[in-house]
Amino acid sequence: MSQLITSKEARYKKNHEKMATVIQFLKQEVYSDMPNLMLLLSYKDRAPLDRLLNKLISLEYIQKHVFEFQTGKISIWGITDLGLTQNIQDINEDFRAFDPYRVKFGTLEHKLMNQKAQIYLQRNGWTDWRNADQYSFRKQYDVEHRPDAIITAPNGFTIAIETERTLKTVSRYRAILKSHVLAQKKNYWSAVFYVVPNDDIRQLLIKRFDRVEYIPFDESKHPFEHYRSKLVRVFTLDELKTLTIQ
Amino acid sequence: MRVFIAEKPSLAAAIFKGLGGNPDTEKKDGYYQHGQDVVTWCLGHLLALCDPEDYNIEHKKWALSYLPLTTVYPPRMKPRKGAEKQLKVVLNWIGKADSIVHAGDPDPEGCLLVDEVLTYAQNTKPVQRVLIADLNDKPVKAALANLQPNEHFQPLTQKALARAVADQSFGYNLTRAYTLKAREKGFDEVLNIGRVLTAMIGMINERTLANLNHQKSFYYELFGHFELGGHIIKGKLMPGEEFELDDKGRMISSLEVAATKEADTGAKANISDIEQKTETRQPPMPFNLSKLQIEASKRWGYKPKEVLDALQSLYEKHKLLTYPRSDNQYLSDAHLENRDSILSAIKGTLSHLSEAIDQAAPTSNHKSFNASKIEAHHAIVPTEKSGAGIELNERERNLYELVAKRFIALFYPGSVRDKVALDVTCTGRCYRATQTTLNKQGWEVLFKGEHQDEPNQNALDLASLTKGTEGTCTQVDMEQRETKPPKYFDDASLLKAMTQAAKFIKDPELRKTLEAKDKDTAGENGSIGTEATRSGHIEKVGKLTHLVSLGKEKGYKNPVYKTTEAGQEFCALLPDEIVRPDISAIWEGSLDKISKKQLNIESFLHDVNQYINSQVEHVKTQGVPFVKRHGITCPTCQQGTLIKRPGKHGPFHACNRYPDCKTTFPDDNGQPNLNPKPRQNAKPSTEEFCKQCGNPLVRRPGKKEGSFWWGCSGFPKCKVRFFDQDGKPDRDRGEL
C-alpha cells in the first residue's frame, strides 16, 4: 500500500509527473489504450487514470477515439498537435499527431503489443527506446528493412526489437534477416529480439527461421544457420517481464 | 706414465697437440706418445651392455614365460663389435699407466664412455678428468692445466648408465611381450618398441591421423580498397572477436564476410594509425647437426643419414669440417681469432666464394661467438684446412658450401628492412596495409635469391600518408581459401619434431620436465634422442615398413612418413605414455635427479622395473587388441591369412602358413590380385634366336586375342622384340 501524499505541493508535483509521462509516451507512440497506459503508470485501477486522461483531454493535449471493430469496441487515446508542443525534450523532435482515420485493426494491435514490449523492457532497466517509424531513425540508419524499434540493454548493447503478431513468408524473413545482418555489420545494433504473443507462435517462427537456411549476398548463397544464434533471439511477451541480460 | 683416454681420435689429437706433441709424426698404433704422456682414444663406446642371452643363454629364445626379464645392475659389459682392437690398446695402456686422465666429452655420455672402460679394466689407479669442449689449441691447453678429480663426475656417469640400462630393459621386455602376444593373433612381424623409436612412431601416427581426419573447410579473407587523400590503398581486414574465427584467427563464416563486404563498400574510412619500424635480421647461427640435416633435406632432399655420412667423411677423411655430431650452435673466441685462416681455407676449397670472403668484415660481434654457451661440442664450421686439390663429391661439396657460407655470413652485417603498417578504420573495423622495403641486404647476399620479400601490394610509399586522413572504401574483395590438413612428416620436419618433442606431451607438468632438458640448447625444446642418434632412429623408423610407410605424396617435395593401418593399430594398442614422449619426460626428471645426487640409480631402476613389470603383466593378461590385419583369408587352405611380402621382383602376397600352405598371389597396388592372369607357358623357340644376345626368342600372345609378338628370352637384360608374321618373327620390319 503506497503512502498517501499529504503535502499539496508534492501531490501536485506527482500529478504533473504522471501527466508528463503520459504525454511523453503518447508523443512517441501517437496513441495507446487503457491497459497499456495502466501498465505504464503501474496503476492497478483504472479510475485514477480516467481522471488523469480526462484532465489531459480537457487541456486538449490528447483526444479519445472509440474504434468499433467486428471483435468489439476499443477506446484509444491519441496525442493532439497541441499535445506535441508540450514537454519538448529535443529541438529535432519530429512526432506526428494522432489521426484516427489512419489507424487499422492490424496496425493497432501491433502497436499496442509493441508498447507492452517497451514497457516491460524499460521496467527491467532498458533505456532509449526509439520507434523506427520516425523520420530521424530512417535518416540515421540506412537499412532495407527497419525493425519496430531499437532499445539499449542494461549492458550497453543496442538491440533491435521486432514484434511479430503474425508470421511472414520464409523469403520475406530471408530479406529481413539479410537487412539485420548488414545492420549488425554496420554496427547499428548487435542483435535482434523477436517478441511474439505466445509459445506456439514462437515455435512457428523458429521453424520459419530454420527454413531460411541461406542468405544471398553477391548472387551467391551463404549458409545462415550457424550465424543465427549470434543475431536472433525469440521471446514471448511474458518472458520479457523477467528478462535479464548477462 | 700418464695416460689420457679421449672420447674420439680427433679429441686425442687435440689433446696431444696441447701437450706439446705432434700428432702427425708421433702417432703409434692406436695411441700417441710424447715423453711420459700417452694419449689413446675410444671410438665412441668401446663396450656394449650385455644382452639377456649373455646372462642366461635360455633367454635367447623369445618366450612369454621368461618375461619380464630382470634388469641387472650393475650391468655386465662386453666389447662392442668392431672396436675390439682399440679396446685392447686402451686396456693395455690402463694397465701400464701410473695415473689416468679421463678425456671423455664433457657430458654424461662422455663420462660414461670412458668410465665404463675403466670399470671393465677394474682400474685402481688415480683418475683425473679433463673437460674439453673446444678443440682449438688455446682452450685445450687451458683445460689441460685445470684437471679435476674424476670422482666429482660420477653422478653424470650414473645418469648416462641409468639411461642406457633402463632403455635396454624397456626395449627388450616390451618388444618381446608385444611381439609374442601379437603373434598369437597372426601378426608375425617384430613389434619394435623402444623409448625413442615408439615415441617417433607415435608422433608420426598423430600427424597421420590428423591429416586423414582433416575435414576440408574454407576460410575467408577480406581486402578493402580505400581512397584516401587521392591514393588508393589496399588493406587486409584484421577480424575482431565479433567474427566467427577458427583457432588460427581466420574468418570462417561466409555470411559474415559477405555481409561485411557489403556493409563496408562505400563506407567512410580514415587512417587510424601508421607504424614504422626497422627490422634487422642477424646472420643465422652456424649449424648443429640437426639444423644442417633439416636444411639439407629441405634444399636437396638428402636423408639425415646421408648428411651425417657426408659430414663424417668431410670431418674424418678430408678434415675440412669440424666434429659433425654436435648439438651446439655456438663458437669460441678461438674461432674468431682464427677467422683469417678459416676463411682462407674456405677460399682454397671453394674458389668461387673468394669474392664474398674478401668483403667480409675483419671481426664479428655475432652472438654465436660465446664460449660460455659451448657444451660438449661447438657448432659445425669449416676447419683451417684448405680443400684445394681434394675431390669432393656433389653432396660433400654442397654441404661444405652451406656450412662455409653460414660461417662467412657471421662476418657480414645484418640485413635491414623498413616496415610500415598502416591501419585504416572503416565501420569500426581495422584494415591493415603493410609494406616492406629492403634497406640493406647484409649477409643475405651470400644466399642469393633465397631471401626475397613479397612485392608490396601498394604502389605508393605508405609512410608518406598522414594519420587521420579521411576517405571512403571503394571496393572490398572477398577471397575464399581452403584449409590445409596438417602436413605429413618428411625427414626435415620429423627431425625438427624430435628436437621439439615436448609439444607432443599432453600433461603440462611432464612437458615442463622435458622442456627443462634443453633449456640451454637454443632451438631445441624437449628433445628425444641425441644429436648423434637421431638420424639412426629415422633410418630405423623408415625400415619398419609394416608400421610406417615412407613414400611420395602428392604436394610434397620429399617422401613423407605415414603410419600404415597396422601402425595405427599398433599405436592405439600401446599405452599413451609409450606412444608419446611421456616416458622420456618422466625418466628425464629422474635422471636429472641422479645427476644432482638426489636420487640413487638403484631406486630409479627399481621404479623402471616396476613400470616394465606392470606393462608386461598387462600385455600378458590382456593380450594385444589386434584385429586381423588383412582380412583376406587364404583361399586355398581357408586357415591362413594372406600377407604382403617383399620378393625379388617386387612385393607379392603369400599365405602366412607357409611352408604348410604355399599359396601366393601377385601384388596389385598393395592388394593381392586373386585372379591373376594365368602364367603363359610360352616356350622359347628352338629355331629363332636373338641376334643381340643369342638367346632363343619366345612367341607370346598379344593383347588382342589371336595376335602374337616375339620377345627375347633374355628379358629383362635384352629387350629385343619383333612383330609376328605368320608364326615367325617379322625380321623385315626390324627389332622394336
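This is a predicted model: local features need pLDDT of at least 70, side-chain atom pairs count only at pLDDT 80 or more; totals for chains, interfaces and linings use all residues.
Chain A comprises 10 helices and 10 strands. Its 246 residues are 46% buried by the criterion applied here. Among the contacts in chain A with a sequence separation of 6 or more, 62% are made by residues 24 or more positions apart.

The contact between the two chains draws on 15 residues from chain A and 17 residues from chain B. The size of an interface is often given as the accessible area lost when the parts come together. For chain A and chain B, the buried area is about 1,300 Å², and carbon and sulfur atoms contribute 58% of this area. Three salt bridges were identified across the interface. In one salt bridge, the side chain of K185(A) meets that of E256(B), with an N to O distance of 3.4 Å. On the side of chain A that touches chain B, at least two residues are supplied by each of α7 (170-185), β8 (214-217), β9 (220-223) and α9 (225-231). Helix α7(A) provides the largest share of this side, namely four residues. Classified by residue type, the side of chain A that touches chain B consists of seven nonpolar, three polar and five charged residues.

R429(B) takes part in contacts with both chains. This residue is located in strand β13 (residues 429-440) of chain B and counts as buried, because its relative accessibility of 3% falls under the 20% limit. When residues up to four places away in sequence are excluded, R429(B) touches K185(A) and K186(A) in chain A, together with L237(B), E242(B), F243(B), T260(B), A263(B), D264(B) and V424(B) in chain B. The side chain of R429(B) approaches the backbone oxygen of K185(A) at 2.4 Å. Within chain B, the side chains of R429(B) and D264(B) are joined by a polar contact of 2.8 Å.

Helix α6 (residues 154-184) of chain B contains S169(B), which is buried at a relative accessible area of 6%. Beyond residues up to four places away in sequence, S169(B) touches L69(B), T71(B), N609(B) and I612(B).

The peptide bond from L67(B) to P68(B) is cis, with omega near -5°, and P68(B) is placed in the loop between α2 (52-55) and β5 (77-79) of chain B. A cis peptide bond also joins Y73(B) and P74(B), with omega about -5°; P74(B) lies in the loop between α2 and β5 of chain B. In chain A, S42(A) has a positive phi near 55° although the residue is not glycine. S42(A) is situated in the loop between α2 (34-41) and α3 (47-58) of chain A and is exposed, with a relative accessibility of 53%. N187(A), likewise not a glycine, has a positive phi of about 60° and is found in the loop between α7 and β7 (191-196) of chain A.

Definitions and conventions. Residues are numbered from 1 along each chain as its sequence is written. Chains are lettered from A and ligands numbered from 1 in the order in which they are written. Side-chain values use heavy atoms; hydrogens and water are left out. Contact means heavy atoms within 4.5 Å. Buried area is the accessible area (1.4 Å probe) that two parts lose on being put together, summed over both. A salt bridge is a side-chain nitrogen of Lys or Arg within 4 Å of a carboxyl oxygen of Asp or Glu. Ala, Val, Leu, Ile, Met, Phe, Trp, Tyr, Cys and Pro count as nonpolar, Asp, Glu, Lys and Arg as charged, and the others, Gly among them, as polar. Buried means under 20% relative accessible area, exposed over 50%, partly exposed in between (1.4 Å probe, protein chains only). A polar contact is a pair of N or O atoms within 3.5 Å; within protein, one must be able to donate a hydrogen and the other to accept it, and residues adjacent in sequence count only if both atoms are side-chain atoms.
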